[in-house]
Amino acid sequence: MSNPTDFNEEVDGYKKIDLYNSAQVERIGAHYTDILAAIGEDPQREGLLKTPERVAKALQFLTHGYKIDPSEVLKSAMFEEDYSQMVVVKDIEVYSMCEHHMLPFFGKAHIAYIPNGHIVGLSKIPRVVDIFARRLQVQERLTNEIRDCIQETLNPAGVAVVIECKHMCMAMRGVQKQNSVTTTSAFTGEFQNDVTRSEFLRLITASLH
């Protein structure tokens, strides 16, 4: 039995990201030591001694999507199946960082595709979302990248992606509008048809309770 504290422990197909490039940690951390001093803090006080290292490790985790090929993740769980109705995975948690201010934006993604001879393991769709989200992003590009990856890899009859997020660059600074939500959407194939798209939008807003 594996030790639950092992760095490489894998649960339900997800591997813990607890391995860091020590050279990058040292390099990024050194910059953050300078930044702390530049904003008027004392990098040597007790509460901040390990902050540069922690921030460096956090940044490596928050941007580890650059190192993963999302299409390969989908290909690892593609199966031939005679199913041609809409497959919807909704309320996928999204956590990303705005490339303009490097502040978080977060919310939910709703994704559907119509199989065309192949289906994919359902856990791989949220995984694709995570891979693209763990990069410096803008929500508009994130939406398109998820759509294009699924379309190009699975070649379905259509793909639909809707993302709803709150942006800390709007809530914490700038216009400081804490309750605003940004919605983006992208469609291919049959989802460009009004009837199919309306069915998708109805499904992602409907409650099963």
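Let me start with strand β5, residues 104–114. Of its 11 residues, 8 are buried, so β5 is largely enclosed by the rest of the structure. Keep in mind that this is a predicted model.

What does β5 pair with? Take β4 to begin with. β4 and β5 run antiparallel, joined by 9 bridges.

Now β8. β5 and β8 are also antiparallel, and 10 bridges join them. Here you can find Ile-114, whose bridge partner in β8 is Gly-158. So much for the pairing of β5.

Back to β4 for a moment, residues 87–98. Asp-91 lies in this strand. Its phi is positive, near 60°, and it is not a glycine. Is Asp-91 buried, partly exposed or exposed? Its relative accessibility is 38%, so it counts as partly exposed.

There is another such residue, Asn-155. Its phi is about 50°, positive again, and it is not a glycine either. Where does Asn-155 sit? In the loop between α5, residues 139–154, and β8, residues 158–167. Asn-155 has a relative accessible area of 47%, which means partly exposed.

On to the helices. Helix α4 covers residues 124–133. Of its 10 residues, 9 are buried, so α4 too is largely enclosed by the rest of the structure. Which ones are buried? Lys-124, Ile-125, Pro-126, Arg-127, Val-128 and Val-129, then Ile-131, Phe-132 and Ala-133. Note that Lys-124 and Arg-127 are on that list.

Last, a helix pair. Packed helices are described by the angle between their axes and the distance between the axes. Helix α1, residues 22–38, packs with helix α2, residues 51–62, at an angle of about 125°. Their axes are 8 Å apart. That angle makes α1 oblique to α2. The crossing is right-handed.

Which residues meet there? From α1: Gln-24, Val-25, Ile-28, Gly-29, Tyr-32, Thr-33 and Leu-36. From α2: Thr-51, Pro-52, Glu-53, Val-55, Ala-56, Lys-57, Leu-59 and Gln-60. By class, the contact has 8 nonpolar, 5 polar and 2 charged residues.

That's the tour. Questions, please.

Conventions. Residues numbered from 1 in each chain as written. Predicted model: local features only at pLDDT ≥ 70, side-chain atom pairs only at ≥ 80, totals over all residues. Heavy atoms only, no water. Helix = DSSP H or I, 4+ residues; strand = E, 2+ residues; numbered from the N terminus. Buried < 20%, exposed > 50% of the residue type's maximum accessible area, 1.4 Å probe, protein only. Axes fitted to C-alpha atoms, helices over the stretch in contact; angles between N-to-C directions. Parallel < 35°, antiparallel > 145°, perpendicular 65-115°, else oblique. Left-handed = near helix turned anticlockwise from the far one by under 90°. Contact = heavy atoms within 4.5 Å. Nonpolar A, V, L, I, M, F, W, Y, C, P; charged D, E, K, R; others polar. Pairing = 2+ DSSP bridges.
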